[in-house]
Amino acid sequence: MLEETLILFRNIRNPDYDKSLKGYKKAGGLKALKQALEMQPDEIVQLTKDSGLRGRGGAGFPTGLKWSFMAKDTGKPTYLVCNADESEPGTCKDRELMLHDPHQFLEGMMISCLAIGCRHGYIYVRGEYWPSIKSLNAALQELYDDGILGKKLLGKGPKLDLTVHPGAGAYICGEETALLDSIEGKRGHPRVKPPFPAVSGFNACPTTVNNVETLTCLPFIVNEGAEAFKAFGPENNAGPHLISLSGHVNKPGVYEVRLDANLKDIIYDFGGGIPNGKQLKGVIPGGASSSVLTADEIDVTYSFDALAQAGTMMGSAAIMVFDEDTDVVKLLHRIVRFFSHESCGQCTPCREGTHWARMIIRDFLNGNGNEHKLKRLHRVGGNMMGTTVCALGDACGMPIQSFTTKFADEFRDVQALAA
Amino acid sequence: MPVFHLDGQPVEFEPGEKVLSAALRAGVEVPHYCFHPGLSVVATCRMCLVDVVDMGNGRPMPKLQTSCSMDAVEGMKVETKNTKTLEAREDVMEFLLINHPLDCPICDQSGECVLQDYSFEHGTGKSEMEYAKRVYGWRDVGTFVALERNRCIHCTRCDRFTREVTGTNEFGMYNRGHELTVDTYADRPMTNKFQGNMADICPVGAITDKEFRFKRRVWRLKKTPSICTGCSTGCNVTIEYDKNEVFRLKPRENPAVNRWWMCDEGRLSYHVMNERENRIMKPRGRVQGELQPISFEQAYQALAERIAALNPGVGGALVLTDTNASNEALFMLRKLAQDGLGAEQVFCPMPDWQQPDSDFFIDSLITTDKTSNRAGARELGLTGVADTAELKTTLETNPRVVIVLGNPFEHATELREKISKTQLIVAISPLFNGWTELADVVLPGQLHSEQDATYTNKQRRVQRTHIAVQAPRQTRPEWQILAELLLALDKDAGLDSADAVLQALGQAVPTFEGLSLSRFSEAGVLLPGEANDPGRSVVDTRTAAA
Amino acid sequence: MLALDTQKEIAQLLSRYPIKRNALLPILHVVQKGNEGYLTPELLEEVAGICEVSQTHVEGVISFYTMYKLEKPGKFHLQVCTCVPCCLVGGEELLEHVEQQLDTHAGHTADDGVFSVEEVECLGACSYAPAVIINEDYHEQMNPEKLDRLMDELRTQGQAHA
Ligand SMILES: Cc1cc2nc3c(=O)[nH]c(=O)nc-3n(C[C@H](O)[C@H](O)[C@H](O)COP(=O)(O)O)c2cc1C
Ligand code: SF4
Ligand code: SF4
Ligand code: SF4
Ligand code: FES
Ligand code: FES
């Protein structure tokens, strides 16, 4: 029986935990921050590199390495912007941290600000998350009142301010450069890279964008050391991971796992299997943009590398399970509808392709599909991939291509039914 | 200069230059829509994708790259025509065309539409989408341009134009995804003075010049490089005409003068080039109080006789010109005044003028000096008159002969009143004006679109025009009329072409030394030395617009 | 003119950013909230002035994000999620149910002005699907019965306030 690893969720899983600053301190909080204050920024960066921490926002980029890219001595301020836009369908892990243990996350953010020399950090929270915004603002107020944040961090460190910035309803603002445009007060259009944010980010200053969960790993890493963190997962897949389990499982929820768990065990042990004694049809393993796995493909280690090998990805670690009765054509329609609704529209292939694909799938739903359209759908999906400014084109292309390949017969059935 | 390889050919590049710019400079056409050298790089149309088979370090880029945003690197190898790029381009074209009305036969842009061009080359030429296309209506969006959004390919050049070039922010992007669109704010029409440029930079027929709409199929138009004479900036333009009728002016790139732009008023100045009603078609002489058609020869002969009889000399002749005449005409006028009439000075209006200054370069184009050659007149040492009162002492000598070139002191009715009593008035001009009404002899000149001539702009840059359209048969370039008058007065200067006049000017005025029409840069020639125009003042027209 | 409270809040927001434009999104939220949940052209103009941007810019921004409204929503604005995980466990049926109950369609305000309904993409509560947001609060693992009860309560509350 697979069990949860309780690192980030240590407090959250404690029914008596008091999430206020007082409660957090009582649970041993802020020790890491005090220690980090004694360290040189470079030491924190090195420690993070050593820990093998990879970004939890979707791309899995090594966090310490990303920090080391920050342009130095530019004479401009440096920024850390936390990505709390959490909008990838299936994903709802960051909000658990923000709602139920805001101080652990904020401690991680403060440590990270020290690492990259940031004096004013921003937390970009998706606009719909008012409860999380309120929770963070209340926690920040406590930190200011306690003299932890402000002119001198913890009363002796450098100046540090943190500000919560609400988004306003746009998935694309989770893409880090669109997020920067958005926080600058513009439409959220992903930028052409280079320049990368580490050189020219928020208001054209050197900036790092990190996910909430990524930053929340920092207190543990500083307290327990790089090796301890590494131990929670196979080589190159360090640390525990929050997964959001949803769809046709008996016990949906957010769980913390080691990165050597098996996907099947996650679904059956944590998820408690498929409701109503139904058979599993497939799993979308890493958010709506990951390639779908069929029921026979789920015996795979749930880690960055193993999933990549299986032709899909861990993405934002959102696992969506669907049973034998699910209409996959409709499912794909929902996925593509999402991406076409969320495309910023600047790139030709994504603006036109997401909409076109949606129209073709709708034909299938209306009984107007045919073999030619199935091929075209597959091709339209492919043509969006690798040809756009940001990865949303790929994010829409991957499910299209995997569904039309792995479930091609179901598209044909829809035709047959209609005929 | 460092070198990279484009389709196997070495291409030099400036450090920091993008692959696309370098390619275009080397004459390799890489299809592109959103890139424009005068605007920021957004790399969103995805048309300019190329295959970087070697980044200069022996390794390829895994994905195709947009050449408009990719820095050229020493030793890099780029393929623009291999199967991978051609296929990707076709795919992008397919995406662009699924929502395009493909109404080329009724579209104004037809013939100069980049979509049309590329779709013949890179696509199937037809649109595959059987679903409802986006539909928006045709709409006036400005004083100068109209918008047909059905044809828009969302390159955002227009949006970037009003943000980055004019700073007027009248155009913007609205909505997102498939509903992304460009439009003016709150349906308000634009008021910026440079809208025509938006029609130029719109790669398809979505923004069109209302003036030009449906008048002519563009492939019929012939093109001749020229300059705008609407103000002292002298924006470089191309005159586009068919059957001797001018249809429009388009800006011609000159980084030192107007970059890629021109103003709308300048664009409208083509109307004058087609002027017939007010055009002087033949020389005229006053016979019993009435202006009657005569021949040039009759005119010259009569003038030679009258001038000899009046024997003007110093104080007896008054020579006036506007500052729209070419350098050549002004030089010959000076010659006529000095050698033919014995007058010491040539007078021209030189009111104070203002050079706008702002954070946006384009604002600096429109000066308050609406003449094309003030700087030339200053180089030639003509006597500038800021206020006609300054002419009072000159008029006290009661000149017997007055020669007027063009339409100087247009609104000085009192001056004209006084001069009207003069025994002999000669007016040289392509168009009728207040002076031609008074004149005893009217000699028809030519417009700058009809001559080979040079003008000196506010920067003291000498720029040339070419013969684009043919002038009416019985008109002559002003320099020639003046040369012929000198001949009639037995003072032949021996100058029988515009080029000969320019070269003679170069000998007489050192700053013009060495200039010749036969080897004249289309970018113009900056005269040596300082401008020092005391009438010039700089005004800050606008601090940064939000 | 903006209410004094709103102005204070705006001043506070502006103090958190290097340049005024940066505060545009939060300011729009505050102004919208202070105006019964929607924005008017006059308000946009005012915000443009505050953030030192053009009106075109503000209009471009509000048309990009889904949360800014130009029409007055109901006193209680329901966002019903029908994205993938919610759809798998009954989000669509929930939306249909609400539409039927209120005899209106997503995107419209019901006649009595108390409720308005919007069909939305993923709200980030997928493990607790189906999810509905009413004004600023999340209501999770919803079903038609639970939602009916909730709406009844709100209706009484709404009428009591009116
Ligand atoms: C279309 C798109 C949407 C994204 N959405 C999110 C998101 O909601 N939250 C997030 O943390 N990262 C998101 N990302 C990933 C970010 O671009 C970025 O990689 C991440 O925030 C970096 O943080 P990390 O290194 O800590 O993972 C998204 C990326 C793309 C292309
Ligand atoms: S891929 Fe789509 S979402 Fe990303 S920048 Fe291009 S159009 Fe926008
Ligand atoms: S109107 Fe023309 S310039 Fe503007 S976005 Fe559309 S195609 Fe480009
Ligand atoms: S700025 Fe002056 S020279 Fe240039 S186009 Fe306008 S009127 Fe002509
Ligand atoms: S020209 Fe390069 S992407 Fe448009
Ligand atoms: S799909 Fe409804 S909350 Fe994510």
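What follows is a set of questions and answers on interfaces, domains and ligand shells.

Biologist: What pLDDT do local features need in this model?

Modeller: This is a predicted model, with residues numbered from 1 along each chain as its sequence is written, and with chains lettered from A and ligands numbered from 1 in the order in which they are written. Side-chain values use heavy atoms, with hydrogens and water left out, side-chain atom pairs count only at pLDDT 80 or more, totals for chains, interfaces and linings use all residues, and local features need pLDDT of at least 70.

Biologist: How much area is buried between chain A and chain C?

Modeller: In this interface, 64 residues of chain A are in contact with 42 residues of chain C, where contact means heavy atoms within 4.5 Å. Buried area is the accessible area (1.4 Å probe) that two parts lose on being put together, summed over both. Carbon and sulfur atoms give 56% of the area here, and the total is about 4,100 Å².

Biologist: Which helix gives the largest share of the side of chain A that touches chain C?

Modeller: Between chain A and chain C there are 31 residue pairs in polar contact, both residues at pLDDT 80 or more. A polar contact is a pair of N or O atoms within 3.5 Å; within protein, one must be able to donate a hydrogen and the other to accept it, and residues adjacent in sequence count only if both atoms are side-chain atoms. Helices (H or I, at least four residues) and strands (E, at least two) are DSSP runs, numbered from the N terminus. The largest share of the chain A side is eight residues, and these come from helix α14 (residues 328-342) of chain A.

Biologist: How many salt bridges are there between chain A and chain C?

Modeller: A salt bridge is a side-chain nitrogen of Lys or Arg within 4 Å of a carboxyl oxygen of Asp or Glu. One pair is C:Glu140 with A:Arg95, whose closest N and O atoms are 2.7 Å apart. The count between chain A and chain C is seven.

Biologist: Over all chains the structure holds 58 salt bridges. Why does the pair of C:Glu140 and A:Arg95 join two chains?

Modeller: C:Glu140 lies in the loop between β4 (137-139) and α7 (144-161) of chain C. A:Arg95 lies in helix α5 (residues 94-100) of chain A, so the pair joins two chains.

Biologist: How many salt bridges are counted between chain B and chain C?

Modeller: Twelve residues of chain B are in contact with eleven residues of chain C. The two chains bury about 930 Å² between them, with 53% of it on carbon and sulfur atoms. Four residue pairs are in polar contact, both at pLDDT 80 or more, while the salt bridge count is zero.

Biologist: Within chain A, which three residues supply 33% of the area that domain 1 buries against domain 2?

Modeller: Chain A is divided into domain 1 (21-230), domain 2 (240-320) and domain 3 (328-418), with bounds from an automatic or database domain assignment. Domain 1 and domain 2 of chain A bury about 1,300 Å² between them, 59% of it on carbon and sulfur atoms. The three residues that supply more than any other three on the domain 1 side are A:Arg56, A:Glu88 and A:Lys93.

Biologist: Which residue meets A:Arg54 in a salt bridge?

Modeller: The count between domain 1 and domain 2 of chain A is one salt bridge. Its N to O distance is 3.4 Å, and the partner of A:Arg54 is A:Asp305.

Biologist: How far apart are the centres of domain 1 and domain 2 of chain C?

Modeller: Chain C has seven helices and four strands. Its domain assignment gives domain 1 (4-64) and domain 2 (76-160). Taken over C-alpha atoms, the separation of their centres is 28 Å.

Biologist: How many charged residues are in the shell around ligand 4?

Modeller: A residue is near a molecule or strand if one of its heavy atoms lies within 4 Å of it. The residues around ligand 4 include B:Cys228, B:Cys231, B:Cys235 and B:Cys263. Ala, Val, Leu, Ile, Met, Phe, Trp, Tyr, Cys and Pro count as nonpolar, Asp, Glu, Lys and Arg as charged, and the others, Gly among them, as polar. The shell has seven nonpolar and three polar residues, and the number of charged ones is none.
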